[in-house]
Amino acid sequence: MTFQQARRAARMNPSIIREILKVTERPGIVSLAGGLPSPDTFPVEAMREAAQRVLRESPREALQYAASEGYGPLREWVAGHLAEQGLRVQASQVLITTGSQQGLDLVGKVLVDAGSPVAVESPTYLGALQAFTPYEPQFVSVDCDEDGPVPEALEAARGARFLYVLPNFQNPSGRCMSEGRRAALVERAIALGLPLIEDNPYGDLWFDAAPPAALASRWPEGSVYLGSFSKVLAPGLRLGYVVAPKALCPKLLQAKQAADLHTPSFNQRVVHEVIREGFLQTHVPTIRARYRAQRDAMRAALERHLPPGCRWNVPVGGMFFWIELPEGVDAMQLLPHAVERGMAFVPGAAFYADHPRANTLRLSFVTVSPERIEQGVALLAQSLKELAR
Ligand SMILES: Cc1ncc(COP(=O)(O)O)c(C=O)c1O
């Protein structure tokens, strides 16, 4: 029996990252490919205690179906947390989602028709391209520099349903948008009537100073903001949130109901129990310190090993370095050589909606010790030399 598949199914592709990760699970490989947070940062003990408390104090509520909007106290917590960062929203605007990845899917479901233009950064988060693609958008890549989307280039996005943008420690490029760029970008977006979908899973992982305020705080009525507990607690919880202007909330909620009725109540209650008395204020700084040391190790290793002609910017937060290889070198061709030698990375081409730049690649520094980072980067450099021969 052959099933006749929907047109949208034909557009879905296996994630190249997942395919690469399969290879890198081989023992002994130094994988700088993953986008996973370090499991050493997961607050196992706090989670265990909170889970026990929830099961002792509200077991039946925690195990029952619950509101699609999310657990009230957690929505309140999110609104309070965002207010501390200058983004004033009401708890009624917060929709708790099954990871922020689900938020991206809901945004696609509610805002994208087949053929509608959707503007994205160049490069951008592969998972967002995957989330939007089934809704059959026409992607428009906006030109970017080291500071993010170039405001003048937003003209190309005129008429798009939205611009999807990651101002803080972008996945994959690691870049963080300056205050001036944020102001200019929002000004252009307002002039064009171009809504913003702001994705911010990495904003709390800064190394020296907090990033400037969210784009959404500058244009609340034109922005949808996505946040996540994956990088500050643990991704296996699948907890994220979408904050939208009031007029959009009912549709996002209906889309969420159709998808999964609600985000797991047990997880929401446990997380609220963990964070409600300020746990993140002591926990997140430990993640920052750890990732900063690993960033430093990778920076030193890149300087030591990579041949002339390679370029990278030093991330001031988040999890990634973005490397530009000399023109003409194809990272996809380099990958099998690197894996053969014992290291892995993600070729940058995967992160472009169109016009991929073949000479780019992404390295993650958070799941590997400084010694292994040094080894991995040395192997990358050897593979580059081998390919050049
Ligand atoms: C930019 C970006 N957005 C969203 C997500 C999805 O995160 P979550 O675990 O909250 O679904 C990720 C995960 O790596 C990401 O890098």
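Aspartate 330 caps the N-terminal end of helix H13, with a side-chain oxygen placed 2.8 Å from the backbone nitrogen of methionine 332; such a polar contact is a pair of N or O atoms within 3.5 Å, where, within protein, one must be able to donate a hydrogen and the other to accept it, and residues adjacent in sequence count only if both atoms are side-chain atoms. The model is predicted, with local features requiring pLDDT of at least 70 and side-chain atom pairs counted only at pLDDT 80 or more, whereas totals for chains, interfaces and linings use all residues. Residues are numbered from 1 along each chain as its sequence is written, and side-chain values use heavy atoms, with hydrogens and water left out.

Helix H13 spans residues 331-341, helices (H or I, at least four residues) and strands (E, at least two) being DSSP runs numbered from the N terminus. Its buried residues are Ala331, Leu334, Leu335, Ala338 and Val339, and because they cover an arc of only 135 degrees around the axis, they are on the same side of H13; the arc is that of the directions from the helix axis to the C-beta atoms. Here buried denotes under 20% relative accessible area, exposed over 50%, and partly exposed the range in between (1.4 Å probe, protein chains only). The exposed residues Gln333, Pro336 and Glu340 are carried on the face of H13 turned away from its buried side. After H13 comes glycine 342, which has a positive phi, near 115 degrees.

The ligand is surrounded by 13 residues, the closest of which are Ser100, Asp199, Tyr202, Ser228 and Ser230; a residue is taken as near if one of its heavy atoms lies within 4 Å. Helix H6 (residues 99-111) contributes the largest share of this shell, 3 residues. By class, the shell divides into 4 nonpolar, 6 polar and 3 charged residues, where Ala, Val, Leu, Ile, Met, Phe, Trp, Tyr, Cys and Pro count as nonpolar, Asp, Glu, Lys and Arg as charged, and the others, Gly among them, as polar.

Serine 230 is located in the loop between strand E9 (223-228) and strand E10 (240-243), and with a relative accessible area of 6% it is buried. Apart from neighbours within four places in sequence, serine 230 is in contact (heavy atoms within 4.5 Å) with Pro37, Pro235, Arg238 and Leu239. An N or O atom in the side chain of serine 230 lies 2.5 Å from an oxygen atom of the ligand. For asparagine 171, the corresponding distance from a side-chain N or O atom to a ligand oxygen is 2.9 Å, while a polar side-chain atom of aspartate 199 is 2.6 Å from a nitrogen atom of the ligand. Of the 390 Å² of accessible area that the ligand has on its own, the protein covers 92%, as given by the Shrake-Rupley method with a 1.4 Å probe; for residues, only the protein chains shown count as cover.

Glutamate 121, in strand E3 (residues 117-121), is likewise buried, at 1% relative accessibility. Its side chain reaches the backbone nitrogen of leucine 166 at 2.7 Å, and a polar contact of 3.4 Å joins it to the side chain of glutamine 170. Beyond neighbours within four places in sequence, the contacts of glutamate 121 include Val142, Cys144, Tyr164 and Arg175.
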